[in-house]
Amino acid sequence: MMATADRFGPVLAGRRIEALVIGASAGGVDALVGLLPALAPDSKLATVCILHVPSDRDSRLAELFDARLALPVREAMDKEPVQPGTVYFAGAGYHLSIEEDRVFSLSCEPAVHYARPAIDVLMESAADAYGPALAGILLTGANADGAEGMQRIRQRGGLTVVQDPGEAQAATMPEQAIRLSAPHLVLPLADIRALLPLLETTTS
C-alpha cells in the first residue's frame, strides 16, 4: 500500500520537521538513488546522509547525487552551519556530528561498529541538536550501527522510520533498530519515498 496523508496523519500530526538524517550501509547507495529524488526542489529540510565508506579513499557520494538532485548537494565540512534546503553527505575517514548550535563537527575518534563515519555518532548528536524537529531514517545495512542513534532520536521526541528488513538488501541494520527501540514506522522503500513530501508539509 502506498503512503498517504491519511495513513501517516497520526504519526505526523503536530510535528514540525526541520532536519532529516538518513543512515545506510550495504546496499545504501541504491536505496538512496531510489529515495532522495522524492525531495522537492524547494525543500526546506536540511538532509544529512551517512553511509559506511572506506576510510582510505575520498567519498564521491556528494558528486554522484549532485548530478541527480535538484537541491544543492555537498559534503559536510567541519564548522559549517547546517543549512535548510541542502543535502549533505558525510565524508570518508571522520565521524560527522552536529553541535547544539547546529554546525557540523568532524572528529577522528575511534570507529564505532567498525565504521568511521558512524551512523550512531551523527544520529545521536542530531537528536540532541534538533529534538522533536528531527526525523531519522535507517535503511539497509549489515551491522548494528544506527540502532542506538534511532533510539536517541525517539527519546528526544523525533520521528523514526526504518526500512522493512524483508526488502532490504542487508537486513541486519533495520532489524537491530527495530529490536532495540520500536520505530514509529517500518516501511518498504517505496513508502518511505512517498513519505518524504509529507515531511515537507510539517515544516510550513
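The legends below describe close-up views of a predicted model.

Local features need pLDDT of at least 70 and side-chain atom pairs pLDDT 80 or more, while totals for chains, interfaces and linings use all residues. Residues are numbered from 1 along each chain as its sequence is written, and side-chain values use heavy atoms, with hydrogens and water left out.

**View 1. The largest nonpolar core has 38 residues.** A nonpolar core is a set of buried Ala, Val, Leu, Ile, Met, Phe, Trp, Tyr and Cys residues joined through side-chain atoms within 4.5 Å. Buried means under 20% relative accessible area, exposed over 50%, and partly exposed in between (1.4 Å probe, protein chains only). Ile22, Leu32, Leu36, Phe89, Leu139, Leu195 and Leu199 touch the most other members. Helix 7 (residues 189–201) gives the largest share, six residues. Helices (H or I, at least four residues) and strands (E, at least two) are DSSP runs, numbered from the N terminus. Another core, of 27 residues, lies apart; among its members are Ala76, Leu122, Met123 and Ala127.

**View 2. Phe89 and its contacts.** Contact means heavy atoms within 4.5 Å. Residues up to four places away in sequence are not counted. Phe89 touches, among others, Leu32, Leu36, Cys49, Leu51 and Phe65. Its contacts also include Arg74 and Glu75.

View 3. Two strands pair if DSSP finds at least two bridges between them. Strand 1 (residues 19–24) pairs with strand 2 (residues 46–51) over six bridges, in the parallel sense. Here Leu20 stands opposite Thr47.

**View 4. The hairpin of strand 5 and strand 6.** Strand 5 (residues 95–98) and strand 6 (residues 104–107) run antiparallel, joined by four bridges. Ser97 stands opposite Ser105. Five residues lie between the strands, and Arg102 takes a positive phi near 65°. Both faces of strand 5 are covered: His95 and Ser97 are buried on one side, Leu96 and Ile98 on the other.

**View 5. Helix 5 packs with helix 6.** Axes are lines fitted to C-alpha atoms, for helices over the stretch in contact, and angles run from 0 to 180 degrees between N-to-C directions. Ala147, Glu148 and Gln151 in helix 5 meet Gln176, Ala177 and Leu180 in helix 6.
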